[in-house]
Amino acid sequence: MIWTAYSRRHRHVIAYHVGDAGVRSATAIYTLAKAAVGQIGAIFTDANSCYHLAFKRIGAPEPHQQTKAQTHLIESSNASFRDMLARFNRRTKRASKTQHMLEVTLDIFLARKRLQSPK
């Protein structure tokens, strides 16, 4: 599973983590996002219960809201991954899905998107 953090202020994905669907991965993406942007104003997630548990365990001071209404930008980013990268299509036989290759592909794709994004 690929976890991504999107910054509305920066208007792009600021961090990603490849891991399971548990509390450890939710904690990892929070830590990576915090390191990328410094201060986080608010956190919006879907209704996965691991977010609430992870933020409670680490004592995240930011307001956290579980809502689908505020996650449309990250869903759009996920759709771009699936549309533009064959590696993320379902049932693909076109490319390796090892964790290392997933991370390399995401690094290249996100770096290219950042270079093209408006400032």
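A residue is called buried when its relative accessible area is under 20%, and exposed when that area is over 50%. With this cut-off in hand, one can say that Cys50, Tyr51, Ala54 and Phe55 are the buried residues to look for in helix H2. The model shown here is a predicted one, and the values below were computed from it.

**The chain as a whole**

- The protein chain contains 4 helices and 4 strands, and when these elements are read from the N terminus onwards their order is β-β-α-β-α-β-α-α.
- The protein chain has 119 residues, of which 35% count as buried.

**Helix H2 and its two sides**

- The buried residues Cys50, Tyr51, Ala54 and Phe55 of H2 cover an arc of only 125° around the axis, and they therefore lie on the same side of the helix.
- On the face of H2 that is turned away from this buried side, one finds the exposed residues Lys56 and Arg57.
- Tyr51, which is found in helix H2, has a relative accessible area of 14%, and because this is under 20% the residue counts as buried.
- Between Tyr51 and His64 there are 8.9 Å in space, taken from C-alpha to C-alpha, while in sequence the two are 13 residues apart.

**Aromatic rings**

- A pair of aromatic rings is described by two quantities, namely the distance of the centres and the angle of the planes.
- When the whole structure is searched, 3 aromatic pairs are found.
- In the pair formed by Tyr51 and Phe55, the ring centres are 6.2 Å apart and the planes stand at 35°, so this pair is classed as tilted.
- Both Tyr51 and Phe55 belong to helix H2, where they are 4 residues apart, which is about one turn of the helix, and both of them are buried.
- Trp3, Tyr30, Tyr51 and Phe55 are linked by ring pairs into a cluster.

**The largest pocket**

- The volume of the largest pocket is about 1,100 Å³, and among the 35 residues that line this pocket, the closest to its centre are Thr4, Ala5, Tyr6, Phe44 and Ile74.
- Strand S1 (2-7), helix H1 (23-37), strand S3 (43-45), helix H2 (49-58) and helix H3 (72-84) are the elements that each give two or more residues to the lining of the largest pocket.
- Sorted by type, the lining of the largest pocket consists of 20 nonpolar, 9 polar and 6 charged residues.

**Helix H3**

- H3 is made of 13 residues and reaches 18 Å from its first C-alpha to its last, which is close to the 18 Å expected at 1.5 Å a residue.
- The residues Ile74, Ser77, Ser80 and Phe81 are buried in H3, and because they cover an arc of only 110° around the axis, they are placed on the same side of H3.

**A backbone angle at Arg11**

- Which residue has a positive phi of about 60° although it is not a glycine? The residue is Arg11, and its place is in the loop between S1 and strand S2 (12-18).
- As background, most residues other than glycine have a negative phi.
- Arg11 has a relative accessibility of 52%, and because this is over 50% the residue counts as exposed.

How values were computed. Residues numbered from 1 in each chain as written. Predicted model: local features only at pLDDT ≥ 70, side-chain atom pairs only at ≥ 80, totals over all residues. Heavy atoms only, no water. 1 Å grid on protein atoms, 1.4 Å probe; cavity = no way out; pocket = protein on both sides within 12 Å on 5 of 7 lines; lining within 4 Å. Points joined across faces, edges and corners; volume = space filled by probe spheres on them. Nonpolar A, V, L, I, M, F, W, Y, C, P; charged D, E, K, R; others polar. Expected span 1.5 Å × (residues − 1). Buried < 20%, exposed > 50% of the residue type's maximum accessible area, 1.4 Å probe, protein only. Arc of directions from axis to C-beta. Phe/Tyr/Trp six-rings, centres within 6.5 Å; stacked < 30°, edge-to-face > 60°.
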